[in-house]
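Welcome! Here is a short briefing to read beside the sequence and the 3D view.

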Amino acid sequence: AIVKMGLKETFFISHGSPTLSIDETLPARHFLQSFREKVFSQRPSSILVISAHWETAHPTVNALSATTLDTIYDFYGFPKPMYKLKYPAPGAPQLAMRVKEALMSSGFKRVDEDKKRGLDHGAWVPLMLMYPEADIPVCQLSIQTDRDATHHYNLGKALAPLKDDGVLIIGSGSATHNLRALRQSNDGSVASWALEFDTWLKESLLNGRYEDVNQYEEKAPNGKVAHPRPEHFYPLHVAMGAAGENAKAELIHHSWSLNALSYASYKFTTAV
């Protein structure tokens, strides 16, 4: 008999700029490439990604039985080689249905299915580095930017049982995400507002103050500056919710680029 190993961990990955896919100078790229070796060696049965780059009115899963999901190039004006990259992972239609069932049985009244959409760069860029063989089935779940962080935390809570069947739940966003504030800084300096928000987030997570993180617009310094729109932050709330209330958070990578873009990434381990 095959023994299925349940997972205790969920992850939030800051995926930063799409150039992460080709730029060897980014420390976050090397962190993701060493993910299996240094952070998480268990092989998941399938992967559920909550990406900042899929916003819908209602929670939606991409339910494709495709043997190879399309690679979506949802970015503009980047170097040409990036548009040739492929991440030919198989779809995970059974996982999509289980996500839908888990959400609906937890009181989410409507969950949609998308039968066409492949993987956006919030999913394929980190996965290309973490699981380059592209042999693990992948499903995406959308975010709802007109809802609050608690809605996304509750999405995560509903998804928690999937971990028992070896599903790896990854929120892919960015710890800070104000694109207007980005600039080349040769001295590696970091904008004070970004540093303050990023530090507040780290201290809140490491001390288990998840309710504060759900209320970040009121509680965090510079919350609206760090996230003028919330779409890059909500994937963290899903990963956090899926780990459960007494989960332990750990900072697994930290680096900065462009003066204000944090690559802080976190592991959440479910309390036994």
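Two strands pair if DSSP finds at least two bridges between them. Helices (H or I, at least four residues) and strands (E, at least two) are DSSP runs, numbered from the N terminus. This is a predicted model, in which local features need pLDDT of at least 70, side-chain atom pairs count only at pLDDT 80 or more, and totals for chains, interfaces and linings use all residues. Residues are numbered from 1 along each chain as its sequence is written, and side-chain values use heavy atoms, with hydrogens and water left out.

**Strand β6 and its partners**
- Strand β2 (residues 46–55) runs parallel to β6, and six bridges join them.
- Within that pairing, Ser-51 has Ser-172 of β6 as its bridge partner.
- Strand β1 (residues 9–14) also pairs with β6 in the parallel sense, over four bridges.
- Here Phe-12 finds its bridge partner in Gly-171 of β6.

**Helix α6**
- The buried residues of α6 include Trp-193, Phe-197, Trp-200 and Leu-201.
- Seen down the axis of α6, the buried residues fall within an arc of 160 degrees (taken from the directions from the helix axis to the C-beta atoms), so they line one face of the helix.
- After α6 comes Gly-208, with a positive phi near 70 degrees.

Technical notes: Buried means under 20% relative accessible area, exposed over 50%, partly exposed in between (1.4 Å probe, protein chains only).
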